[in-house]
Amino acid sequence: MAKLQIRKVGDECLRKVCRPIETITPRTLTLLDDMLETMRAADGCGLAGPQVGILRRICVVEVDDKVYELINPKIIAFCGEQIAEEGCLSVPGRWGKTHRPMDVTVQCLDRNGETVTYTGHDLLARAFCHEIDHLDGKLFTDIAEMDDE
Ligand code: ZN
């Protein structure tokens, strides 16, 4: 595994709409491994392709010691609401409160190319929304009430 460089706010990669992954190759699996290692080294709970300069719909999330590898994820259901503090590895040192759904169901491909669905509550729901937003070029600062403003 190898650590990747995390792009920071101001990098144009973070504002691009990413393209789907059409074929899962060994390179895709290496990317997932590298993204997980990079996220853990940075003490984050999620990391999306554009944050490491890959403009593809892929992200990793780790919450409560469970790893989620999301390829071409889509939110297919959500309900409730939460307002909570959020940050981002690409926006270091800044935090803000966002409104997110309390429960989110995501459909995606796993590393075997199987269609899977994951339902997240609370922090996991927030992480899914945050990472999927990255794939559409959105940052949490677009919707957050920032603590430092
Ligand atoms: Zn982020």
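Rings of Phe, Tyr and Trp count as a pair if their centres lie within 6.5 Å, and as edge-to-face if their planes are over 60 degrees apart. In this predicted model, Tyr-68, Tyr-118 and Phe-128 make up one aromatic cluster.

The structure holds 2 aromatic pairs. Because Phe-128 lies in helix α2 and Tyr-68 in strand β3, the pair ties together parts that are 60 residues apart in sequence. Tyr-68 and Phe-128 are both buried; the relative accessible area of Tyr-68 is 9%.

An open sheet of 3 strands runs in the order β4-β5-β8, with antiparallel pairing. The edges are β4 (82–86) and β8 (145–146); each has a single partner strand, so one side of each is left without a neighbour in the sheet. Strand β5 (residues 96–100) pairs with β8 over 2 bridges, and Gly-96 has Met-146 in β8 as its bridge partner. Helix α2 (residues 123–135) packs on this sheet and touches β4 and β5, its direction making about 65° with that of β4.

Helix α2 also takes part in the zinc site. The protein donors are Cys-88 (SG), His-130 (NE2) and His-134 (NE2), 2.0 to 2.2 Å from the zinc ion. Their sequence spacing is C-x41-H-x3-H. Cys-88 sits in the loop between β4 and β5 and His-130 in helix α2, so these two tie together parts that are 42 residues apart in sequence. Both Cys-88 and His-130 are buried.

How values were computed
Residues numbered from 1 in each chain as written. Predicted model: local features only at pLDDT ≥ 70, side-chain atom pairs only at ≥ 80, totals over all residues. Heavy atoms only, no water. Pairing = 2+ DSSP bridges. Helix = DSSP H or I, 4+ residues; strand = E, 2+ residues; numbered from the N terminus. Contact = heavy atoms within 4.5 Å. Axes fitted to C-alpha atoms, helices over the stretch in contact; angles between N-to-C directions. Donors = N, O, S within 2.8 Å, 3.2 Å for Na, K, Ca; no water. Buried < 20%, exposed > 50% of the residue type's maximum accessible area, 1.4 Å probe, protein only. Phe/Tyr/Trp six-rings, centres within 6.5 Å; stacked < 30°, edge-to-face > 60°.
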